[in-house]
Amino acid sequence: MGYRVAVVGATGNVGREMLAILAEREFPMDEVAAVASSRSTGMEIEVGDSGRMVKCKNIEHFDFAGWDIALFAAGSGPTKEYAPKAAAAGCVVIDNSSLYRMDPDVPLIVPEVNPEAIDGYTKKNIIANPNCSTAQLVVALKPLHDAAVIKRVVVSTYQSVSGAGKAGMDELFEQSRAIFVGDKPEPETFTKQIAFNVIPHIDVFMDDGSTKEEWKMVVETKKILDPKIKLHATCVRVPVFVGHSEAVNIEFENELSAEQAMEILREAPGIMLVDKREDGGYVTPIEAAGDGATYISRVRDDPTVDYGISLWCVSDNLRKGAALNAVQIAELLGRRHLQKG
């Protein structure tokens, strides 16, 4: 017997990717439902490349009773209204929005990092998926923290426009086209021109001058990995369609050389180490797009501290940063608790 899985927000970038990954990883499903807003009702969506088509159901009338798992990719608004209803109906919610991430009664899970934390899902029948920039970061940090205990992390992100959804991708495309034909690019989704530019601003500003995206990276890393880790982030939007990159500086309590770190990372789950120290011997977002791995390159010692290294971290934000991690959580939930399929 397999699972009955509902994908909520199925017509968006992440929702479509969730359907694709469910098919790609052959998640044991007896039935899958594509659920979205009323304007998408009846729209047909393919489940990955399987040739299997499903019609979108209206979330306003969808009954979650009898469904095992609901993957939510609908944003905080619809999630706030419908996730508690799904959970109350006995359907375990795996939510991709920021709504429940810092709720102490909701586990925030990256399966390679803190799988045991999923056992707390029964308090609300809800599991949270971390922010895309946090997910790839903690995958990289976890094995190093186990080896030498991380004291402090300074990270600068280079985040693709797909993190802002389809509207962000459309804006980069339209602005690039406008520039090539001599028209003036008009910002709508972003605060400034994104084509051929970078914007040091993601999400709203907070009182201390940081942005909410930067705050998310700090508090989520502490919740997932270790509350004692000090982290400082600068989050930047760049004109890349898919794939987030991060320049990460790590200071340890104990000695760990770059060479030792590379040996650890080479064997760590979810990580692909590509560090040839030659022209092109590193990974960029284009190579990472469409893949589920967190790629690590440019690992080197930091001589300005006693025990420190720097590294370059790249991942597909629609996959490991969102849809893939959600499906991996569903797989983990199945193995540890639901045990179907």
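**Cysteines**

I searched the whole structure, a predicted model, for disulfides and found zero. A disulfide needs the two sulfur atoms within 2.5 Å. I also looked up the accessible area of C56: the residue is buried, at 4% relative accessible area.

Next I checked C235. C235 is in no disulfide either, and the nearest cysteine sulfur, in C132, lies 8.9 Å away. C235 is buried, with a relative accessible area of 0%.

**Strand β10**

I turned to β10, residues 244–252. Is this strand mostly covered or mostly open? I found seven of its nine residues buried, so I noted it as mostly covered.

I then looked for its partners. β8, residues 150–159, pairs with β10 in the antiparallel sense over eight bridges. Within that strand pairing I noted S156, whose bridge partner in β10 is A247. β13, residues 308–315, also runs antiparallel to β10, again with eight bridges. There V248 has L311 of β13 as its bridge partner.

**Nonpolar cores**

L311 came up again in the largest nonpolar core, which has 57 residues. I250, V299 and L311 touch the most other members. Helix α3, residues 132–148, gives this core its largest share, seven residues.

Which residues does L311 contact, beyond its neighbours within four places in sequence? I listed several, including L144, A247, V248, I250, L265, I296 and V299. I also found another core lying apart, of 45 residues, among them L19, V161, L324 and L333.

Conventions:
Residues numbered from 1 in each chain as written. Predicted model: local features only at pLDDT ≥ 70, side-chain atom pairs only at ≥ 80, totals over all residues. Heavy atoms only, no water. Buried < 20%, exposed > 50% of the residue type's maximum accessible area, 1.4 Å probe, protein only. Helix = DSSP H or I, 4+ residues; strand = E, 2+ residues; numbered from the N terminus. Pairing = 2+ DSSP bridges. Core = buried A, V, L, I, M, F, W, Y, C linked by side-chain atoms within 4.5 Å. Contact = heavy atoms within 4.5 Å.
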